Amino acid sequence: MISNILLSPPVLFLILLAIGLALSHAVSGLAAPGSTTGERKLESYACGQRHLAHNASPDYGQFFPYAFFFTIMHVLVLVVATAPREALTLPLLYVGAGLLALYIIFRR
């Protein structure tokens, strides 16, 4: 009975959270002290490069058809592969809808 309660997700989450907080508090003395001075402390930083305001933002409009094609094919394969043999109508309906979606993508 007690093991069922201890292994329930909310109780186990609280136990692991307490262990994590205790470990964090135990090793916090080993951390180097930070300095609050410096002009770059609050600047954005990514991959060793400073953020420049004039960078061009990428356009993902050309990427959308590929992502949509992958999504359609992925869902089609999952539905057809996991459908039981007795239920053939739904996979055929999905294949028809997928072919229509692919026709719309490649028509452009």
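A: Searching the whole structure gives two aromatic pairs; rings of Phe, Tyr and Trp (its six-membered ring) pair if their centres lie within 6.5 Å. One of them joins Phe 64 and Phe 68, with 5.7 Å centre to centre and 20° between the planes, and is stacked. Planes under 30 degrees apart count as stacked, over 60 as edge-to-face and the rest as tilted.

This is a predicted model, in which local features need pLDDT of at least 70 and side-chain atom pairs count only at pLDDT 80 or more, while totals for chains, interfaces and linings use all residues. Residues are numbered from 1 along each chain as its sequence is written, and side-chain values use heavy atoms, with hydrogens and water left out.

Both Phe 64 and Phe 68 belong to helix H3 (residues 64-82), where they are four residues apart, about one turn of the helix. Helices (H or I, at least four residues) and strands (E, at least two) are DSSP runs, numbered from the N terminus. Phe 64 is exposed, at 55% relative accessible area, whereas Phe 68 is partly exposed, at 31%. Buried stands for under 20% relative accessible area, exposed for over 50%, and partly exposed for values in between (1.4 Å probe, protein chains only).

As for the chain, it has four helices and two strands, in the order α-α-β-β-α-α from the N terminus. Of its 108 residues, 7% count as buried. Its accessible surface is about 10100 Å², with 70% belonging to carbon and sulfur atoms; the areas come from the Shrake-Rupley method with a 1.4 Å probe, and for residues only the protein chains shown count as cover.

Elsewhere, Ile 2, Leu 6, Leu 7, Leu 12, Ile 15, Leu 16, Ile 19 and Leu 23 make a nonpolar surface patch of about 750 Å². Helix H1 (2-6) and helix H2 (9-27) each contribute at least two residues to the nonpolar patch, and H2 gives the largest share, five residues. Leu 6, in helix H1, is partly exposed at 41% relative accessible area.

The highest mean is in H2, at 94, and the lowest is in strand S2 (residues 49-50), at 64. Where pLDDT is low, predicted coordinates should not be read in detail.

Key:
Patches are made of residues with over 30% relative accessible area and no salt bridge: like charges are joined within 9 Å, nonpolar side chains (Val, Leu, Ile, Met, Phe, Trp, Tyr) within 5 Å. A salt bridge is a side-chain nitrogen of Lys or Arg within 4 Å of a carboxyl oxygen of Asp or Glu. pLDDT is the predictor's confidence in each residue, from 0 to 100.
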